[in-house]
Each structure stands twice: as C-alpha cells, then as structure tokens.
Amino acid sequence: MQTTTLSLGERLREARTARGWSRAELARQATACLSPEAIRQIELGLIVDPGVAKVHRLVYALGFTLDVFFCHETQGARKPLLCLDNPP
C-alpha cells in the first residue's frame with residue numbers, strides 16, 4: 001500500500017475547515033502571526049516554508065501539537081487529526 005502524504009497547506013486547510021473556521025478566524029486565533037491572505041497562500045502551496053515559529057502558532061491555534069499534526073498518517077489511509085481538549 002502507498003502512504004498518503006498531505007502538504008502543509010492541505011493539512012492546515014483540512015484542520016481549519018474541520019473547525020468551521022475562516023482564514024481570518026485562524027489568523028485571529030494564531031494571534032495574527034500571519035494574515036488571512038498569507039494563510040490562503042500557504043493552503044494553496046504558494047508559500048511552502050512560512051517558518052517553524054509561524055507553523056507552530058498556526059498548529060497550536062488549531063488545537064494540535066506539531067507531532068500530532070504531522071504524524072497522523074498510516075499506510076493506505078489517513079487517521080483523523082486528533083484535537084487536544086486543552087492545548088498546553
């Protein structure tokens with residue numbers, strides 16, 4: 001079986017839409033580390049390396065740790081992303 005791999009942008013869009021958030025809401029929750037337009041560009045793959053600090057803030061705002069956000073795939077299928085009840 002082949003492992004499914006999602007880009008950073010695809011993962012962000014999947015997690016953001018699962019929460020029902022707009023890009024503006026994600027930007028607000030991430031304490032405006034990126035604009036909604038920058039988030040759109042990341043989701044579309046136009047910005048492929050926004051920097052570790054910004055990725056961390058976006059991921060944390062979505063309620064994930066970096067390891068859970070990036071390590072949820074198994075061979076042949078993706079596990080659902082697991083939200084933390086109370087992020088640290």
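**Reading buried faces and contacts**

Q: Cys33 is buried, with a relative accessible area of 15%. Why does 15% count as buried?

A: Buried means under 20% relative accessible area. Cys33 has 15%, so Cys33 passes as buried. Keep in mind that this is a predicted model.

Q: Where does Cys33 lie?

A: Cys33 sits in the loop that links helix H2 (23-29) to H3.

Q: Which residues does Cys33 touch, not counting residues up to four places away in sequence?

A: They are Ala27, Lys54, Arg57 and Leu58. Take Arg57, which is 24 residues from Cys33 along the chain. The C-alpha atoms of this pair are separated by 7.3 Å.

Q: How many helices and strands are there in the protein?

A: The protein has five helices and two strands. Read from the N terminus, their order is α-α-α-α-α-β-β. Of the 88 residues, 32% are buried. Now look at contacts between residues at least 6 apart in sequence: 58% of them join residues at least 24 apart.

Q: How do I read a helix with a buried side?

A: Start with the general idea. An α-helix has 3.6 residues a turn, so residues three or four places apart point the same way. Now the case here. Helix H1 covers residues 8-19, twelve residues in total. From first C-alpha to last, H1 reaches 17 Å, close to the 16 Å expected. Its buried residues are Leu8, Gly9, Arg11, Leu12, Ala15 and Arg16. Down the axis of H1, these buried residues fall within an arc of 160 degrees, so they line one face of the helix.

Q: What follows H1?

A: Gly20 comes after H1, and its phi is positive, near 80 degrees.

Q: Which residues of helix H4 are buried?

A: Helix H4 spans residues 52-61, and its buried residues are Val55, Leu58, Val59 and Ala61. Viewed down the axis of H4, they fall within an arc of 165 degrees, so they line one face. The face turned away from that buried side carries Val52 and Ala53, which are exposed.

Q: What covers the buried residues of H4?

A: The cover includes H1, H2, H3 and helix H5 (66-70). After H4 comes Gly63, whose phi is positive, near 90 degrees.

Q: Glu43: buried or exposed?

A: Glu43 counts as buried because its relative accessibility is 3%. Its place is in helix H3, residues 36-43.

Q: Which residue does a polar contact join to the side chain of Glu43?

A: The partner is Arg23. The two side chains are linked by a polar contact of 2.8 Å. Leave aside neighbours within four places in sequence, and Glu43 is in contact with Gly9, Glu10, Leu12, Arg13, Arg16 and Arg23.

Q: In which helix is Glu10 found?

A: Glu10 belongs to helix H1. Its relative accessibility is 33%, so Glu10 counts as partly exposed. Glu10 and Gly45 are 35 residues apart along the chain, and their C-alpha atoms are separated by 8.3 Å.

Q: How are aromatic rings read?

A: A pair of aromatic rings is described by the distance of the centres and the angle of the planes. Here the count comes to one aromatic pair.

Q: Which residue lies over the face of Trp21?

A: Arg19 does, at 5.1 Å from the ring centre.

Key:
Residues are numbered from 1 along each chain as its sequence is written. This is a predicted model: local features need pLDDT of at least 70, side-chain atom pairs count only at pLDDT 80 or more; totals for chains, interfaces and linings use all residues. Side-chain values use heavy atoms; hydrogens and water are left out. Rings of Phe, Tyr and Trp (its six-membered ring) pair if their centres lie within 6.5 Å; planes under 30 degrees apart count as stacked, over 60 as edge-to-face and the rest as tilted. A charge sits over a ring if NZ of Lys or CZ of Arg is within 6 Å of the ring centre and within 35 degrees of the ring normal. Helices (H or I, at least four residues) and strands (E, at least two) are DSSP runs, numbered from the N terminus. Buried means under 20% relative accessible area, exposed over 50%, partly exposed in between (1.4 Å probe, protein chains only). A polar contact is a pair of N or O atoms within 3.5 Å; within protein, one must be able to donate a hydrogen and the other to accept it, and residues adjacent in sequence count only if both atoms are side-chain atoms. Contact means heavy atoms within 4.5 Å. The expected span of a helix is 1.5 Å times one less than its number of residues. The arc is that of the directions from the helix axis to the C-beta atoms.
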